[in-house]
Amino acid sequence: MKYALALHGGAGTITRNQLSAEQERLYKNALEKALKLGIAILRGGGKSIDAVVQTVMYLENDDLFNAGKGSVFTHHGTHEMDASVMEGRTLKAGAVAGLHSIKNPVLAALHVMEHTEHVLLAGSQANQYLSQHLTTVNHDYFFSDYRFNQWQQALKDDKVVMDHTEKKFGTVGAVALDHNGDLAAATSTGGMTNKKFGRVGDTPLIGSGTYANNNTCAISCTGHGEFFIRSVVAYDISCLIEYKGLSLADACNEVVKNKLNNIGGEGGLIALDKNGIPALVFNSEGMYRAAEGSNFEKLIAIYND
């Protein structure tokens, strides 16, 4: 039975001298547990969409990552979360932006895909509607001293910053191939610390931060969202495979290491092609990542080595 899963927990300036041995252990342990959860679904004959949603949910519930519980503070001291999901067989997709009380934004994106005629719902009215169908939490659920101190420093410096004071793009995501040959992708983020004006990045934008198509690949991105939006990164990679006949690896390298680099875009992505071959590509110093499949060995890694 053919299956594969890849996941990420963000990319950016992640080097050995920035993580203690204990921090590295915590991150790798979280990545391994999320991977184990998704792989168990696939090995049990489950669907790729269920595998990616459950994997991302696990990461949303771990405050190590900037998504769900670990989401960063906005300029006004609130939380605005974005997420998206997509099925490769049907090309159905669902996405949400600017949610503030939904415990698991990836479930909100799934609800949009499965129970509405829309693709993207955003803002307070979306939050109100989704609150009728999903688990909600109060503001205190998202609080941690670490995130609060990030916000206070960002306010002091009057800067919009990434996941911490160094460049680190806080997003989580997963891609999967199931025994039916169906691909799926899911991505979730808490955005940028001290972000203003209802800023939305690439995560909820189908084709920019998330994409899945059974004919080509499934992709989940993490990086400086504005650049990923301008480059339509996820769909561009799919197009290079579909129209130019590039391999997944060559397409990912062309977009991430050439196209994005040329415009100053930093970050990375995880991807699977229709045969379950993975590509975990980034142009930053590190990316929290893991992958396992029926035709390749398990990988859990952080640094660029």
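1. Lys-28 comes out partly exposed, at a relative accessible area of 30% (buried is under 20%, exposed over 50%, partly exposed in between, with a 1.4 Å probe and protein chains only). Its side chain meets that of Glu-24 in a salt bridge, 3.4 Å from N to O (a side-chain nitrogen of Lys or Arg within 4 Å of a carboxyl oxygen of Asp or Glu). Glu-24 is partly exposed too, at 22%.

2. A word on the basis: this is a predicted model, where local features need pLDDT of at least 70, side-chain atom pairs count only at pLDDT 80 or more, and totals for chains, interfaces and linings use all residues. Numbering runs from 1 along each chain as its sequence is written, and side-chain values use heavy atoms, leaving out hydrogens and water.

3. Helix 1 covers residues 21-43 and also holds Arg-25 and Glu-22, 3 residues apart, about one turn (helices are DSSP runs of H or I, at least four residues; strands are E runs of at least two; both are numbered from the N terminus). The side chains of these two meet in a salt bridge at 2.7 Å, N to O.

4. Glu-32 sits in helix 1 and Lys-298 in strand 13 (residues 296-303), 266 residues apart. The structure holds 9 salt bridges.

5. Now the inside: the largest nonpolar core has 45 residues, and Val-96 is one of those touching the most other members (such a core joins buried Ala, Val, Leu, Ile, Met, Phe, Trp, Tyr and Cys residues through side-chain atoms within 4.5 Å). Apart from it lies another core of 39 residues, including Val-175 and Ile-219.
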